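Thanks, everyone, for making the time this morning. I would like to walk you through one chain, going from its overall build to a few single residues.

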Amino acid sequence: ISNAEYRLMSTNPALQPSALAGKPRDEVESQLRSLEGVESAEVRLRPGWLGKLPRLSDHIQIELK
């Protein structure tokens, strides 16, 4: 039995802005929570009334904690 530790890296394809662009906030949060190693996910949009992430991936900032 292996006790290998899994570490989610920012280079993971699922964490690339292009993979999240244009999707609804709740879909992105669910998609991120389904990744191994993710305990919780929060999407903050500015302005707050937006329901989807921007279509332009360079307008998306991802922060791992």
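Let me begin with a term: contact here means heavy atoms within 4.5 Å. On that basis, among contacts in the protein chain between residues at least 6 apart in sequence, 51% join residues at least 24 apart.

Before going on, please keep in mind that this is a predicted model, in which local features need pLDDT of at least 70 and side-chain atom pairs count only at pLDDT 80 or more, while totals for chains, interfaces and linings use all residues. Residues are numbered from 1 along each chain as its sequence is written, and side-chain values use heavy atoms, with hydrogens and water left out.

As for secondary structure, the protein chain has two helices and zero strands, where helices (H or I, at least four residues) and strands (E, at least two) are DSSP runs numbered from the N terminus. Taken along the principal axes, the box filled by the C-alpha atoms is roughly 45 × 20 × 15 Å.

Turning to burial, I call a residue buried under 20% relative accessible area, exposed over 50%, and partly exposed in between, with a 1.4 Å probe and protein chains only. Of the 65 residues in the protein chain, 23% count as buried.

What makes up the largest nonpolar core? By a nonpolar core I mean a set of buried Ala, Val, Leu, Ile, Met, Phe, Trp, Tyr and Cys residues joined through side-chain atoms within 4.5 Å. The largest one has twelve residues in all, among them L8, A14, L15, L35, A41, V43 and I60. In soluble globular proteins, nonpolar side chains tend to be buried together. Within this set, L35 touches A14 and L15, once neighbours within four places in sequence are left aside.

Is E29, then, buried or exposed? E29 sits in helix 2 and counts as buried, at 15% relative accessibility. Leaving aside neighbours within four places in sequence, E29 is in contact with A41, E42 and V43, and of these A41 and V43 belong to the largest nonpolar core.

P13 lies in the segment before helix 1 (17–20) and is exposed, with a relative accessible area of 63%. From P13 to S57 the C-alpha distance is 13 Å, across 44 residues of sequence. P47 is placed in the segment after helix 2 (25–33), and the peptide bond joining R46 and P47 is cis, with omega about -5°.
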